[in-house]
Amino acid sequence: MTLVLAVRHALQATLELALPTTCGGCGQAGDGWCLSCVQETTRDAFPGGPGPVSPAPCPAGYPPTWSATPYGGAVRVALVAFKDGERRDLVRVLAPMLAEAVAAAVAADPGCRAALVAGTGPVFVVPVPSSPAAVRRRGDAPLELLARAAVAQCVRAGSDLVVAPALRLRRRVADQAGLDRRQRAANLELAMQVQPRWRDRVHEVTCLLVDDVLTTGATLTEAARALRAGGVTHVAAATVAATQRRGAGRPEHPSGLG
């Protein structure tokens with residue numbers, strides 16, 4: 001990304017953050033998140049709040065995962081706009097959803113709970129890494145921004161959590177969009193690793209992966225493998241949304257990695 005383009009992106013994002021002109025869910029002129037989209041996301045959220053989700057079939061090594069809502073409607077539009085439409089103002093909409101999923105995971109996952117109750121925490125919250133090309137294109141890493149906003153809400157509620165951008169891609173991968181389950185798994189196989197500066201810090205700790213959407217589980221499975229290979233004791237995960245399969249209960253985004 002050139003300096004001029006980066007500055008233009010930053011100015012557009014800042015202006016939209018200060019003065020959003022359309023709803024990030026339905027495109028209606030006016031508020032950044034309209035009442036109709038508030039009502040839709042509330043109505044469509046998982047009954048009883050965030051809960052465990054898993055893809056079908058479930059890949060070996062998939063970490064226990066909690067999600068806040070099905071992937072569809074206004075949430076889907078908002079996630080795409082947040083990541084690729086320069087609508088960083090939508091962090092105020094999406095962060096509470098991710099915070100709820102994180103809180104549910106921390107409360108229900110035995111490994112996370114044990115780390116916090118035993119006082120051996122904090123639990124490291126690890127965003128799934130964006131590709132270098134995506135970071136250059138966007139000018140930032142939106143998932144890390146979302147993770148920090150969500151964790152800030154959890155910390156204010158008393159959770160001992162620390163954002164740890166500990167993972168990186170060790171090779172180029174294709175955009176996940178349009179790939180089927182087997183292609184996604186092959187595309188990401190052995191693609192991630194713990195960053196050298198984080199190796200000592202994550203050794204023998206508990207980590208909670210965070211991503212925007214669960215689809216086939218390939219991304220979370222590879223991220224969990226990389227953390228375990230780096231010496232992490234236990235890995236769980238939380239996402240904003242989970243793609244629903246027809247005829248299934250909770251899950252399984254056609255969103256690409258990063």
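Figure 1. Trp198 is buried, with a relative accessible area of 4%. In this predicted model, one aromatic pair is present. The pair is edge-to-face, because the ring centres of Phe124 and Trp198 are 6.2 Å apart and the ring planes stand at 85 degrees. Distant parts of the chain are linked by this pair: Phe124 belongs to strand β3 (residues 123–127), whereas Trp198 is in the loop between β6 (192–194) and α9, and 74 residues separate the two. Phe124 likewise counts as buried, at 8% relative accessibility.

**Figure 2. Arg88 over the ring of Phe82.** The close-up shows Arg88 lying over the face of Phe82. Its distance from the ring centre is 5.5 Å.

**Figure 3. Cysteines without disulfides.** The structure contains zero disulfides. For Cys26, the closest cysteine sulfur is that of Cys34, at 3.6 Å, which is too far for a bond, because a disulfide requires sulfur atoms within 2.5 Å. Cys26 counts as partly exposed, with 46% relative accessibility. Cys37 is also in no disulfide, and its nearest cysteine sulfur, in Cys23, is 3.6 Å away. Cys37 is buried, having a relative accessible area of 3%.

**Figure 4. Packing of α2 against α3.** The axes of helix α2 (residues 35–44) and α3 come within 8 Å of each other and cross at roughly 110 degrees. Helix α2 is therefore roughly perpendicular to α3. On the α2 side, the residues that meet α3 are Cys37, Glu40 and Thr41. Their counterparts in α3 are Gly73, Ala74 and Val75.

**Figure 5. Packing of α4 against α5.** Helix α4 and helix α5 (residues 110–117) pack at an angle of about 80 degrees, and their axes lie 5 Å apart. This angle makes α4 roughly perpendicular to α5. Helix α4 contributes Ala105, Val106, Ala107 and Ala108 to the contact. From α5, the contributing residues are Pro110, Cys112, Arg113 and Leu116.

**Figure 6. The cis peptide bond between Ala56 and Pro57.** The peptide bond joining Ala56 and Pro57 is cis, with omega about 0 degrees. Most peptide bonds, by contrast, are trans. Pro57 is located in the loop between β1 (51–53) and β2 (65–70).

Figure 7. Pro63 is buried, its relative accessible area being 0%. Glu222 is 159 residues away from Pro63 in sequence, yet the C-alpha to C-alpha distance between them is 9.7 Å. Neighbours within four places in sequence aside, the residues in contact with Pro63 are Leu220, Thr221, Ala224, Arg228, Val235, Ala236 and Ala237.

Figure 8. Arg168 is part of strand β5 (residues 167–169). With a relative accessible area of 34%, Arg168 is partly exposed. Its C-alpha atom is separated by 9.1 Å from that of Pro132, a residue 36 positions apart from Arg168 along the chain. When neighbours within four places in sequence are left aside, Arg168 is in contact with Pro129, Ala191, Met192, Gln193, Gln195 and Pro196.

Figure 9. Most residues other than glycine have a negative phi. Glu86, which is not a glycine, has a positive phi, near 60 degrees. Glu86 is found in the loop between α3 (73–84) and α4 (91–108). For Glu204, also not a glycine, phi is positive at about 60 degrees. Glu204 is situated in the loop between α9 (199–202) and β7 (206–214). The relative accessible area of Glu204 is 60%, so this residue is exposed.

Definitions and conventions
Residues numbered from 1 in each chain as written. Predicted model: local features only at pLDDT ≥ 70, side-chain atom pairs only at ≥ 80, totals over all residues. Heavy atoms only, no water. Helix = DSSP H or I, 4+ residues; strand = E, 2+ residues; numbered from the N terminus. Buried < 20%, exposed > 50% of the residue type's maximum accessible area, 1.4 Å probe, protein only. Phe/Tyr/Trp six-rings, centres within 6.5 Å; stacked < 30°, edge-to-face > 60°. Lys NZ or Arg CZ within 6 Å of the ring centre and 35° of its normal. Axes fitted to C-alpha atoms, helices over the stretch in contact; angles between N-to-C directions. Parallel < 35°, antiparallel > 145°, perpendicular 65-115°, else oblique. Contact = heavy atoms within 4.5 Å.
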